[in-house]
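Work through the exercises below with the sequence and the model at hand. Try each task before reading its solution.

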Amino acid sequence: MSLDYNDRNITLAKTLRKNATPQENHLWYDFLSGYSVRFQRQKAIDQFIADFFCHKAKLMIEIDGSQHYTEQGKQSDRFRTERLEEYDLTVIRFTNRQIDTNFRGVCEYIDSVVQTCLEKQKQ
């Protein structure tokens, strides 16, 4: 299934890139921007905007701030993940705290998931 996107989200995605959180910037500038497989920031997919997206691995990475821990936020995240999995995407999430306190572990985990996803694509 090809990825759809809502044209109206393109402007919002550009704004989000310019106003990234410190944790998003840390992950981008200190790991993903130089990673061996291309990632995009604030990628419009369907009605959503992914924090980070790797088309080749079909992987979406989300960095969750405090708004994700309300009941409404959890429900929204479940819906979003289910919808994106319909595109055969893998969605992984990290908290701001994980980025701040275990950056190396987060990067190692991302690398592991990317490799697993790429192997899955070959099959």
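Buried residues (under 20% relative accessible area with a 1.4 Å probe, protein chains only; exposed is over 50%, partly exposed in between) make up 43% of the 123 residues in the chain. The model is predicted: local features need pLDDT of at least 70, side-chain atom pairs count only at pLDDT 80 or more, and totals for chains, interfaces and linings use all residues. Residues are numbered from 1 along each chain as its sequence is written, and side-chain values use heavy atoms, with hydrogens and water left out.

**Exercise 1. State how many helices and strands the chain has, and their order.**

Solution. Helices (H or I, at least four residues) and strands (E, at least two) are DSSP runs, numbered from the N terminus. Counting them gives 5 helices and 4 strands. Read from the N terminus on, the order is α-α-β-β-β-α-β-α-α.

**Exercise 2. Decide which residues of α5 are buried and where they sit around the axis.**

Solution. Start with the dimensions: α5 has 20 residues and reaches 29 Å from its first C-alpha to its last. This is close to the 28 Å expected at 1.5 Å a residue, where the expected span is 1.5 Å times one less than the number of residues.

Next, list the buried residues of α5: F103, V106, C107, I110, V113, V114, C117 and L118. They cover an arc of only 135° around the axis, so they are on the same side of α5; the arc is that of the directions from the helix axis to the C-beta atoms. An α-helix has 3.6 residues a turn, so residues three or four places apart point the same way.

Then turn to the other side of α5, where R104, T116 and K122 are exposed. Q115 counts as partly exposed because its relative accessibility is 37%. Q115 and V37 are 78 residues apart in sequence, but 9.8 Å apart in space, C-alpha to C-alpha.

**Exercise 3. Classify the aromatic pair of W28 and F52, then that of F94 and Y109.**

Solution. Rings of Phe, Tyr and Trp (its six-membered ring) pair if their centres lie within 6.5 Å; planes under 30 degrees apart count as stacked, over 60 as edge-to-face and the rest as tilted. The structure holds 5 aromatic pairs.

W28 and F52 are 6.2 Å apart, centre to centre, with 10° between the planes, and the pair is stacked. This pair links distant parts of the chain, with W28 in helix α2 and F52 in strand β2, 24 residues apart. Both W28 and F52 are buried.

For F94 and Y109, the centres are 6.0 Å apart and the planes are at 80°, so this pair is edge-to-face. F94 lies in strand β4 (residues 90–95) and Y109 in helix α5 (residues 103–122), so the pair ties together parts 15 residues apart in sequence. F94 is buried, at 5% relative accessible area, whereas Y109 is partly exposed, at 45%.

Finally, ring pairs link F31, Y35 and F39 into a cluster.

**Exercise 4. Name the element that gives the most to the lining of the largest cavity.**

Solution. On a 1 Å grid over the protein atoms alone, a cavity is a set of points where a 1.4 Å probe fits but cannot get out, and lining residues have an atom within 4 Å of a point. The lining of the largest cavity consists of R17, A20, E24, N25, W28, R41, Q42, D51 and F52. Two or more of these residues come from each of α2 (22–30), β1 (40–45) and β2 (48–54). The answer is α2, with 3 residues.

Conventions:
1 Å grid on protein atoms, 1.4 Å probe; cavity = no way out; pocket = protein on both sides within 12 Å on 5 of 7 lines; lining within 4 Å.
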